[in-house]
Amino acid sequence: MAEPLLKVRDLSLTYWRRTGLFGRGSQAIQALNDVSFELNAGETLGIVGESGCGKSTLARCLLRLLRPSNGSIQFDGVDLLALNADDMRQMRQRMQIVLQNPFASLNPRLKGFDLIAEPLRTHAAMTRETMKDRVAALLTEVGLSLDFMNRHPHQLSGGQAQRIALARALALNPAFVILDEPTSALDVSVQAQIINLLIRLQRQRRLTYLFITHDLSVIQHISDRIAVMYLGKIVEETSSEEVFAHPQHPYTQALLSSTPAPDPKSDRQRIILAGTVPSALNPPPGCSFHPRCPQVMDRCRTLRPELRWTSADHRVSCHLFDALE
(Lines give C-alpha, C1' and ligand atoms only; values in the text may rest on other atoms or scores of the structure.)
Protein backbone atom coordinates (compact mmCIF):
# COMPACT_ATOMS: atom_id res chain seq x y z
CA MET A 1 0.00 0.00 0.00
CA ALA A 2 1.34 3.44 -0.98
CA GLU A 3 2.41 5.86 1.73
CA PRO A 4 0.10 8.86 2.34
CA LEU A 5 1.07 11.97 0.39
CA LEU A 6 0.53 14.14 3.47
CA LYS A 7 1.05 13.10 7.10
CA VAL A 8 0.37 15.60 9.88
CA ARG A 9 1.20 14.67 13.47
CA ASP A 10 0.33 16.57 16.66
CA LEU A 11 0.36 19.95 14.92
CA SER A 12 -0.04 22.86 17.34
CA LEU A 13 0.27 26.61 16.98
CA THR A 14 0.34 29.05 19.88
CA TYR A 15 0.30 32.81 19.46
CA TRP A 16 1.45 35.10 22.24
CA ARG A 17 -0.35 38.39 22.83
CA ARG A 18 1.14 41.17 24.88
CA THR A 19 -0.94 42.23 27.87
CA GLY A 20 -0.69 44.47 30.90
CA LEU A 21 0.83 47.90 31.35
CA PHE A 22 3.31 48.69 28.54
CA GLY A 23 2.86 45.18 27.17
CA ARG A 24 4.99 43.57 29.87
CA GLY A 25 2.75 40.53 30.20
CA SER A 26 1.81 37.89 27.65
CA GLN A 27 -1.15 35.61 27.03
CA ALA A 28 -1.19 32.37 25.02
CA ILE A 29 -3.68 31.86 22.20
CA GLN A 30 -3.96 28.21 21.18
CA ALA A 31 -4.88 28.40 17.47
CA LEU A 32 -4.24 24.69 16.75
CA ASN A 33 -4.18 21.88 19.29
CA ASP A 34 -2.58 18.50 18.45
CA VAL A 35 -4.05 18.17 14.94
CA SER A 36 -3.22 14.83 13.28
CA PHE A 37 -4.41 13.31 10.00
CA GLU A 38 -3.25 11.60 6.80
CA LEU A 39 -4.19 12.23 3.18
CA ASN A 40 -3.56 9.82 0.32
CA ALA A 41 -2.69 10.89 -3.23
CA GLY A 42 -5.79 11.57 -5.31
CA GLU A 43 -8.11 11.94 -2.31
CA THR A 44 -10.01 14.89 -0.86
CA LEU A 45 -10.09 15.62 2.86
CA GLY A 46 -12.81 18.06 3.85
CA ILE A 47 -12.17 20.29 6.86
CA VAL A 48 -15.38 21.72 8.31
CA GLY A 49 -16.25 23.88 11.30
CA GLU A 50 -17.54 27.27 12.35
CA SER A 51 -15.59 30.47 11.76
CA GLY A 52 -12.64 30.77 14.13
CA CYS A 53 -12.10 27.03 14.61
CA GLY A 54 -8.63 27.05 13.01
CA LYS A 55 -9.33 25.80 9.47
CA SER A 56 -7.47 28.55 7.60
CA THR A 57 -4.68 28.58 10.21
CA LEU A 58 -4.16 24.88 9.52
CA ALA A 59 -3.94 25.58 5.77
CA ARG A 60 -1.26 28.22 6.27
CA CYS A 61 0.73 25.94 8.54
CA LEU A 62 0.70 23.18 5.90
CA LEU A 63 2.20 25.63 3.38
CA ARG A 64 4.53 26.89 6.10
CA LEU A 65 3.23 30.40 5.72
CA LEU A 66 2.89 30.08 9.49
CA ARG A 67 5.42 28.21 11.61
CA PRO A 68 3.79 25.63 13.94
CA SER A 69 4.83 25.57 17.58
CA ASN A 70 4.92 21.76 17.72
CA GLY A 71 4.29 18.72 15.57
CA SER A 72 5.41 17.50 12.16
CA ILE A 73 4.32 17.79 8.52
CA GLN A 74 5.50 15.13 6.08
CA PHE A 75 4.77 15.81 2.40
CA ASP A 76 5.69 12.99 0.01
CA GLY A 77 8.24 11.79 2.54
CA VAL A 78 9.82 15.22 3.10
CA ASP A 79 9.79 16.90 6.52
CA LEU A 80 8.52 20.39 5.63
CA LEU A 81 9.50 21.87 8.97
CA ALA A 82 13.14 20.91 8.37
CA LEU A 83 13.41 22.71 5.01
CA ASN A 84 15.19 26.04 4.69
CA ALA A 85 13.47 28.99 3.00
CA ASP A 86 14.85 28.26 -0.49
CA ASP A 87 13.94 24.57 -0.39
CA MET A 88 10.46 25.39 0.90
CA ARG A 89 9.99 27.90 -1.92
CA GLN A 90 10.74 25.12 -4.41
CA MET A 91 8.44 22.70 -2.57
CA ARG A 92 5.54 25.15 -2.88
CA GLN A 93 5.50 24.49 -6.63
CA ARG A 94 3.89 21.17 -5.69
CA MET A 95 1.58 22.72 -3.08
CA GLN A 96 -0.85 25.47 -4.06
CA ILE A 97 -3.80 27.28 -2.48
CA VAL A 98 -7.02 28.76 -3.88
CA LEU A 99 -8.57 31.34 -1.56
CA GLN A 100 -12.15 32.28 -0.75
CA ASN A 101 -12.16 35.70 -2.45
CA PRO A 102 -10.41 35.62 -5.85
CA PHE A 103 -10.70 39.41 -6.23
CA ALA A 104 -8.53 39.83 -3.12
CA SER A 105 -5.90 37.34 -4.34
CA LEU A 106 -5.65 38.50 -7.97
CA ASN A 107 -3.65 41.64 -8.81
CA PRO A 108 -6.22 44.13 -10.19
CA ARG A 109 -3.62 45.70 -12.49
CA LEU A 110 -2.85 42.47 -14.38
CA LYS A 111 -4.79 40.88 -17.21
CA GLY A 112 -5.71 37.21 -17.27
CA PHE A 113 -2.62 36.17 -19.22
CA ASP A 114 -0.21 37.79 -16.76
CA LEU A 115 -2.15 36.51 -13.72
CA ILE A 116 -1.83 32.91 -14.89
CA ALA A 117 1.68 33.29 -16.31
CA GLU A 118 3.16 34.89 -13.17
CA PRO A 119 4.15 31.59 -11.48
CA LEU A 120 5.54 30.32 -14.80
CA ARG A 121 7.80 33.37 -15.06
CA THR A 122 9.03 32.80 -11.51
CA HIS A 123 9.68 29.06 -11.62
CA ALA A 124 9.76 27.85 -15.24
CA ALA A 125 12.16 28.81 -18.04
CA MET A 126 10.16 29.07 -21.27
CA THR A 127 9.73 31.34 -24.28
CA ARG A 128 6.80 33.75 -24.48
CA GLU A 129 5.19 31.64 -27.21
CA THR A 130 5.45 28.50 -25.11
CA MET A 131 4.08 30.42 -22.14
CA LYS A 132 1.17 31.71 -24.21
CA ASP A 133 0.33 28.16 -25.32
CA ARG A 134 0.51 27.00 -21.70
CA VAL A 135 -1.82 29.78 -20.50
CA ALA A 136 -4.25 29.04 -23.35
CA ALA A 137 -4.32 25.36 -22.37
CA LEU A 138 -4.97 26.24 -18.71
CA LEU A 139 -7.84 28.58 -19.64
CA THR A 140 -9.43 25.84 -21.73
CA GLU A 141 -8.94 23.36 -18.91
CA VAL A 142 -10.89 25.53 -16.45
CA GLY A 143 -13.67 26.23 -18.95
CA LEU A 144 -12.79 29.76 -20.13
CA SER A 145 -12.26 31.09 -23.64
CA LEU A 146 -8.97 32.62 -24.79
CA ASP A 147 -10.60 36.08 -24.63
CA PHE A 148 -9.99 36.00 -20.87
CA MET A 149 -6.28 36.51 -21.46
CA ASN A 150 -7.08 40.20 -22.02
CA ARG A 151 -9.51 40.78 -19.15
CA HIS A 152 -8.74 42.46 -15.83
CA PRO A 153 -10.23 41.04 -12.60
CA HIS A 154 -12.88 43.82 -12.43
CA GLN A 155 -14.24 42.56 -15.78
CA LEU A 156 -14.90 39.08 -14.37
CA SER A 157 -17.82 37.54 -12.51
CA GLY A 158 -17.12 35.74 -9.24
CA GLY A 159 -17.12 32.33 -10.91
CA GLN A 160 -14.86 33.51 -13.75
CA ALA A 161 -12.39 35.05 -11.30
CA GLN A 162 -12.28 31.81 -9.31
CA ARG A 163 -11.55 29.87 -12.52
CA ILE A 164 -8.65 32.24 -13.25
CA ALA A 165 -7.36 31.71 -9.70
CA LEU A 166 -7.63 27.94 -10.19
CA ALA A 167 -5.80 28.08 -13.55
CA ARG A 168 -3.04 30.08 -11.85
CA ALA A 169 -2.78 27.50 -9.06
CA LEU A 170 -2.49 24.67 -11.61
CA ALA A 171 0.13 26.39 -13.76
CA LEU A 172 3.07 24.55 -12.16
CA ASN A 173 1.33 21.14 -12.10
CA PRO A 174 1.02 20.80 -8.31
CA ALA A 175 0.23 17.51 -6.63
CA PHE A 176 -1.62 19.07 -3.67
CA VAL A 177 -4.10 21.96 -3.69
CA ILE A 178 -5.64 23.60 -0.63
CA LEU A 179 -9.10 24.98 -1.38
CA ASP A 180 -9.93 27.51 1.34
CA GLU A 181 -13.69 28.23 1.11
CA PRO A 182 -13.45 28.42 -2.73
CA THR A 183 -17.21 28.52 -3.29
CA SER A 184 -18.56 30.44 -0.28
CA ALA A 185 -18.60 33.80 -2.12
CA LEU A 186 -20.51 32.37 -5.11
CA ASP A 187 -24.22 31.82 -5.68
CA VAL A 188 -25.59 28.28 -5.57
CA SER A 189 -25.63 27.59 -9.31
CA VAL A 190 -22.04 28.79 -9.75
CA GLN A 191 -20.97 26.79 -6.68
CA ALA A 192 -22.16 23.60 -8.37
CA GLN A 193 -20.23 24.46 -11.55
CA ILE A 194 -16.99 25.06 -9.62
CA ILE A 195 -17.41 21.87 -7.58
CA ASN A 196 -17.96 19.84 -10.76
CA LEU A 197 -14.89 21.48 -12.32
CA LEU A 198 -12.77 20.63 -9.27
CA ILE A 199 -13.90 17.00 -9.38
CA ARG A 200 -13.10 16.75 -13.10
CA LEU A 201 -9.65 18.31 -12.67
CA GLN A 202 -8.90 16.00 -9.78
CA ARG A 203 -9.68 12.93 -11.87
CA GLN A 204 -7.72 14.16 -14.89
CA ARG A 205 -4.66 15.32 -12.95
CA ARG A 206 -4.87 12.97 -9.94
CA LEU A 207 -4.84 15.97 -7.64
CA THR A 208 -5.01 15.76 -3.87
CA TYR A 209 -7.30 18.32 -2.21
CA LEU A 210 -7.70 19.75 1.26
CA PHE A 211 -11.15 21.37 1.01
CA ILE A 212 -11.95 23.88 3.77
CA THR A 213 -15.50 25.07 4.31
CA HIS A 214 -18.21 25.69 6.89
CA ASP A 215 -20.89 24.29 4.55
CA LEU A 216 -21.52 20.57 5.00
CA SER A 217 -23.90 20.45 2.03
CA VAL A 218 -21.02 21.52 -0.26
CA ILE A 219 -18.34 19.31 1.26
CA GLN A 220 -20.48 16.16 0.95
CA HIS A 221 -20.19 16.14 -2.84
CA ILE A 222 -16.40 16.43 -3.13
CA SER A 223 -14.81 14.85 -0.04
CA ASP A 224 -13.65 11.27 0.46
CA ARG A 225 -13.09 11.95 4.16
CA ILE A 226 -14.25 14.71 6.50
CA ALA A 227 -12.56 16.11 9.60
CA VAL A 228 -14.68 18.30 11.89
CA MET A 229 -12.78 20.99 13.79
CA TYR A 230 -13.75 22.88 16.91
CA LEU A 231 -11.57 25.50 18.62
CA GLY A 232 -8.34 24.35 16.98
CA LYS A 233 -8.88 20.62 17.45
CA ILE A 234 -10.25 17.78 15.31
CA VAL A 235 -13.26 16.36 17.15
CA GLU A 236 -14.38 13.81 14.55
CA GLU A 237 -12.91 12.26 11.40
CA THR A 238 -14.20 9.52 9.13
CA SER A 239 -15.41 8.89 5.58
CA SER A 240 -17.85 11.33 4.03
CA GLU A 241 -20.57 8.68 3.88
CA GLU A 242 -20.10 7.75 7.54
CA VAL A 243 -20.24 11.37 8.75
CA PHE A 244 -23.62 11.90 7.14
CA ALA A 245 -25.00 8.45 8.00
CA HIS A 246 -23.70 8.08 11.57
CA PRO A 247 -22.34 11.31 13.07
CA GLN A 248 -21.05 10.57 16.57
CA HIS A 249 -19.81 13.84 18.07
CA PRO A 250 -22.60 16.13 19.39
CA TYR A 251 -21.02 19.06 17.51
CA THR A 252 -21.12 17.17 14.20
CA GLN A 253 -24.71 16.19 14.87
CA ALA A 254 -25.61 19.85 15.45
CA LEU A 255 -23.87 20.97 12.25
CA LEU A 256 -25.68 18.32 10.22
CA SER A 257 -29.05 19.21 11.72
CA SER A 258 -28.65 22.76 10.37
CA THR A 259 -28.22 21.66 6.73
CA PRO A 260 -31.33 21.58 4.50
CA ALA A 261 -32.93 18.13 4.37
CA PRO A 262 -33.31 16.62 0.87
CA ASP A 263 -36.78 15.41 1.83
CA PRO A 264 -39.06 18.33 2.82
CA LYS A 265 -41.20 15.88 4.81
CA SER A 266 -38.22 14.73 6.87
CA ASP A 267 -38.80 14.74 10.63
CA ARG A 268 -35.16 15.58 11.39
CA GLN A 269 -34.93 17.77 14.46
CA ARG A 270 -32.77 20.90 14.47
CA ILE A 271 -30.19 20.96 17.27
CA ILE A 272 -29.72 24.54 18.47
CA LEU A 273 -26.35 25.20 20.10
CA ALA A 274 -26.22 27.77 22.88
CA GLY A 275 -23.76 30.63 22.57
CA THR A 276 -20.85 30.87 20.15
CA VAL A 277 -17.42 29.30 19.75
CA PRO A 278 -15.40 30.22 22.88
CA SER A 279 -12.45 32.55 22.51
CA ALA A 280 -9.05 30.92 22.07
CA LEU A 281 -7.83 33.56 24.55
CA ASN A 282 -9.84 31.92 27.30
CA PRO A 283 -10.79 28.36 26.32
CA PRO A 284 -13.01 26.41 28.70
CA PRO A 285 -11.42 23.67 30.81
CA GLY A 286 -11.98 20.04 29.97
CA CYS A 287 -13.78 19.48 26.68
CA SER A 288 -13.80 22.78 24.80
CA PHE A 289 -17.31 22.03 23.49
CA HIS A 290 -18.90 21.39 26.90
CA PRO A 291 -20.43 24.90 27.42
CA ARG A 292 -22.58 24.36 24.31
CA CYS A 293 -23.02 20.58 24.32
CA PRO A 294 -26.60 19.26 24.73
CA GLN A 295 -25.19 15.97 26.14
CA VAL A 296 -22.69 17.45 28.59
CA MET A 297 -21.61 15.33 31.59
CA ASP A 298 -19.70 16.25 34.75
CA ARG A 299 -16.41 14.83 33.45
CA CYS A 300 -16.67 17.02 30.32
CA ARG A 301 -16.14 20.14 32.46
CA THR A 302 -12.77 19.02 33.82
CA LEU A 303 -11.26 16.28 31.59
CA ARG A 304 -10.17 16.80 28.00
CA PRO A 305 -11.34 13.84 25.85
CA GLU A 306 -8.85 12.00 23.65
CA LEU A 307 -9.36 11.59 19.91
CA ARG A 308 -9.95 7.84 19.86
CA TRP A 309 -10.97 5.25 17.31
CA THR A 310 -14.58 4.14 17.74
CA SER A 311 -14.31 1.82 14.73
CA ALA A 312 -11.70 0.90 12.11
CA ASP A 313 -12.41 4.09 10.16
CA HIS A 314 -13.92 6.55 12.64
CA ARG A 315 -12.20 8.82 15.21
CA VAL A 316 -14.11 10.88 17.79
CA SER A 317 -13.04 13.13 20.67
CA CYS A 318 -15.92 12.78 23.15
CA HIS A 319 -16.42 11.34 26.65
CA LEU A 320 -19.55 9.55 25.40
CA PHE A 321 -17.13 6.94 24.04
CA ASP A 322 -14.92 6.53 27.09
CA ALA A 323 -16.22 2.99 27.61
CA LEU A 324 -14.48 1.93 24.39
CA GLU A 325 -11.15 2.28 26.20
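M131 is in contact with F113, A117, L120, R121 and M126, leaving aside its neighbours within four places in sequence. In this predicted model, M131 is found in helix α5 and is buried, with a relative accessible area of 6%.

- Helix α4 spans residues 112-123 and helix α5 spans residues 128-141; their axes come within 10 Å and cross at roughly 120°. That angle makes α4 oblique to α5, because angles from 65 to 115 degrees count as roughly perpendicular and only those over 145 as roughly antiparallel.
- The crossing in which α4 passes α5 is right-handed.
- On the α4 side, the contact involves F113, I116, A117, L120 and R121. On the α5 side, R128, M131, K132, R134, V135, L138 and L139 take part.
- By class, the residues of this contact between α4 and α5 comprise eight nonpolar and four charged, with no polar ones.
- M131 and R304 lie 173 residues apart along the chain, and their C-alpha atoms are separated by 54 Å.

**The α6/α7 pair**

- Helix α6 (residues 158-170) packs with helix α7 (residues 188-205) at an angle of about 20°, and their axes are 11 Å apart.
- The two helices, α6 and α7, are therefore roughly parallel to each other, since angles under 35 degrees are counted in that way.
- Their contact is formed by G159, R163, L166 and L170 of α6, together with V190, Q193, I194, L197, L198, L201 and R205 of α7.
- Seven nonpolar, two polar and two charged residues make up the contact of α6 with α7.
- The crossing of α6 and α7 is right-handed.

- Helix α10 (residues 250-257) is largely enclosed by the rest of the structure, because seven of its eight residues are buried.
- The buried residues in α10 are P250, Y251, T252, A254, L255, L256 and S257.

- Leaving aside its neighbours within four places in sequence, N33 is in contact with L11, S12, G232, K233 and R304.

Technical notes:
Residues numbered from 1 in each chain as written. Predicted model: local features only at pLDDT ≥ 70, side-chain atom pairs only at ≥ 80, totals over all residues. Heavy atoms only, no water. Axes fitted to C-alpha atoms, helices over the stretch in contact; angles between N-to-C directions. Helix = DSSP H or I, 4+ residues; strand = E, 2+ residues; numbered from the N terminus. Left-handed = near helix turned anticlockwise from the far one by under 90°. Contact = heavy atoms within 4.5 Å. Nonpolar A, V, L, I, M, F, W, Y, C, P; charged D, E, K, R; others polar. Buried < 20%, exposed > 50% of the residue type's maximum accessible area, 1.4 Å probe, protein only.
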